[in-house]
Every structure is written in C-alpha cells, then in structure tokens.
Amino acid sequence: MIHTNNPIIKHKAGLLNLAEELGNVSKACKVMGVSRDTFYRYQELVEDGGIDALVDKNRRVPNHKNRVDEVVEQAVITYAIEQPAHGQHRTSNELRKQGVFVSGSGVRSVWLRHNLENFKKRLKALEEKVAKDGIILSDAQVAALEKKKHDDEVSGEIETQHPGYLGSQDTFYVGNLKGVDRIYQQTFVDTYSKVAFAKLYTSKTPITAADLLNDKVLPYFESHKLPMLRILTDRGTEYCGRVEQHDYQLYLAINDIDHTKTKAMSPQTNGICERFHKTILNEFYQITFRKKLYSTMEDLQKDLDEWIEYYNNERTHQGKKCLGKTPQATLLDGKKIWVEKNIAQI
C-alpha cells in the first residue's frame, strides 16, 4: 500500500493502491479512467525510483522572477520620475550611459509593473513625489509638468474650481433658412455647472463671437456676482487674431478674461461644447424643424431661447459636478462653495 500526502502524485498512487486492493489491474484502470499502459508505466516508475518518481520530471519549472535585478528596476523607476517625457528606448539609452543595462522592452516591463507605462502616469508619479517629499524640480521636470498643464487646458480637462472659472465657446452651423441664408449659432457652456447660452447669427465673425458674451454670458454671471476668468475656444478666425485688430480678442482683453485655445486640428479638445451641440441637435433642432416652418431667424431664436431655458432650469444633467441636478442648481451650489472659500481666505 502506497501512502502519500503530495497532491501532485496522489492520483497516480491511488491507481496503484486500488489495483493492489482489487487484485485486478483492468478493473482498477476502468475505475480510475486510465489505460493499462499508464498503470504499468506508473508501476515501473515506483519500482525503479520509489514514490517520488511519480512526479513529472520533464515539466519545466517556471521562473516567477524572470525579470531585471532589483537595482536595475529601481534605476528605471527613478529615471521615469526624473525624466517623465522620455520614452522607453530613450530611457534605455540614457541608463546605459550610467552603467545600467536594460533594453527598451525591459524598461516598459518595469513601467507596467509600477503603473508608469505612459507619459501622464509618469507625470502623476512626479506630482505625487513633489507633494510628498517637496523635492526641487529640474528644468526637464518643470517643462514636462507645464506641458501637461497646457494639454489639460486645451483639452478642457482643467480642474474647474467654480462657475465662471472656465467657459467653453464654439460656433455651430445650424443650416440654411429659406429667405434668410446660412444660420450660425454661437454657443457658450460653463464647464463647471454646464449652464449654456446660444444665439443665432447669419455669419461667424469676431463681432458675433463677442456679442454672445456681451449680450448673454457676462450679464448673467454679473447678476450672480461670479467672475468669468477664462474661455476655451478653437482656433477659428472668429476667435483668434491680433488683439489690436480683432474684436473678440479685444473684448476679452477689456474684460480681463484669459483665452485658451484648443490643439490645432483637434476639435474634440473642446469636447464640452461638442457634446452640447449633439444634445441641442438631437433634442431641439431635429424636432423643431419637423414641427414648424420658420420664415425668420427671430422666430427660431425665440424657440431656441425657450429650449435653453428648459435646458438650464429643468433638464437634469449627468456632468461631473451636476450628478443628476439641473445646470442652474449646480451653478447655485457652486456659487455657495466659491463664496464660502473666499470668505475663509479673507
């Protein structure tokens, strides 16, 4: 009788034990679900090498630590934080100069293990180290952080502190209105509260872009005693130009509003306005143009104003700050937080 507690060979030994108890190899093999050849092979192994011979010797033992040395791994991590803008092959080449030999793929493997595999994650690690250790940044680190800040701003990903902190403005082509010609919509969305404003024009010029701010946006924020600090736009001619020769740029300068532009050829970086345009197209224009024929832009503007009123005050929103509230309610909540913060600072 063969006894073992090793789970690897327990099944094989069980076959031999059963055959010994029954005195019948064929019956034991049928019960255990194996062939007679397997039984005799197991029996021969035990006779030649004992019970331990039942363990497979041809199976390659996996090397769970098939990775670079700990010293090399730490050097890769340190360099990733020191030079977050460098790619895996650049990192490999630079470390080689320091006597640390690791391939580009080896660098990436280390990054993956430590959640450093892309530029943003390495920047995040750098920011955490600055916050934790208070280190003095090198010129390369400062440049990398500034680049990330700029990319976040042009992508509309900047952390919005309060209503009016960052507005998003864009031009939306509505279509051709018979007897009126082309219709364009100037759109403004507050990135914190998602409160929106829209006004129709027959052209897209710096004057029309500034008019929306002057007619609807700034009076609204002034009525709530909230500042308008920055506006994000694309690089269209209605928004960009020399300050002294461009009505929109001049208007922003007079009202002390910073202007941030999206990346060139990347309209998706003004995503908040783009998403609002999809909403207004699906929920207003495609419906109202099937229900009513408009002969004047004023009639369309009147219905647009009513829908904007509904959007701001009645329609719930799933934005980052809204969380199911209406944009107007979100703005009022954000205003309270802003007022309390300013009072505390005073």
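Where is the place of Asp190? Asp190 is in strand S2 (residues 181-190). This is a predicted model, in which local features need pLDDT of at least 70, side-chain atom pairs count only at pLDDT 80 or more, and totals for chains, interfaces and linings use all residues. Residues are numbered from 1 along each chain as its sequence is written, and side-chain values use heavy atoms, leaving out hydrogens and water.

Asp190 is buried but has no salt bridge. Buried means under 20% relative accessible area, exposed over 50%, and partly exposed in between (1.4 Å probe, protein chains only). A salt bridge needs a side-chain nitrogen of Lys or Arg within 4 Å of a carboxyl oxygen of Asp or Glu. The nearest side chain of opposite charge is Lys194, 7.5 Å away. For charge, Lys and Arg count as positive and Asp and Glu as negative; His and the chain ends are not counted. Leaving aside residues up to four places away in sequence, Asp190 touches Pro163, Gly164, Tyr165, Leu166, Val195 and Phe221. Contact here means heavy atoms within 4.5 Å.

**The strands**

Strands (E, at least two residues) and helices (H or I, at least four) are DSSP runs, numbered from the N terminus. Two strands pair if DSSP finds at least two bridges between them.

| Pair | Sense | Bridges |
|---|---|---|
| S1 and S2 | antiparallel | ten bridges |
| S2 and S3 | antiparallel | six bridges |
| S1 and S4 | parallel | two bridges |

Gln185 links two of these pairings. Its bridge partner in S3 is Leu200, and Gln185 is itself the S2 partner of Phe172.

Strand S1 (residues 167-177) is mostly covered, with nine of its eleven residues buried. In strand S3 (residues 196-201), six of six residues are buried. Ala196, Ala198 and Leu200 point one way from S3, while Phe197, Lys199 and Tyr201 point the other way.

**The aromatic residues**

How many aromatic pairs does a search of the whole structure find? It finds 14. Rings of Phe, Tyr and Trp (its six-membered ring) pair if their centres lie within 6.5 Å; planes under 30 degrees apart count as stacked, over 60 as edge-to-face and the rest as tilted.

Phe276 and Trp307 have ring centres 6.2 Å apart and planes at 55°, so the pair is tilted. Phe276 lies in helix H11 (residues 271-291) and Trp307 in helix H12 (residues 297-313), so the pair ties together parts 31 residues apart in sequence. Phe276 is buried at 3% relative accessible area. Trp307 is buried at 9%.

Tyr285 and Phe289 have ring centres 5.8 Å apart and planes at 25°, so this pair is stacked. They are four residues apart in H11, about one helical turn. Tyr285 is buried at 2%, whereas Phe289 is partly exposed at 35%.

Both pairs belong to one aromatic cluster, formed by Phe172, Phe276, Phe284, Tyr285, Phe289, Tyr294, Trp307 and Tyr311.

Finally, a charge over a ring. The charged end of Arg122 sits over the ring of Trp111, 4.1 Å from its centre. The test asks for NZ of Lys or CZ of Arg within 6 Å of the ring centre and within 35 degrees of the ring normal.
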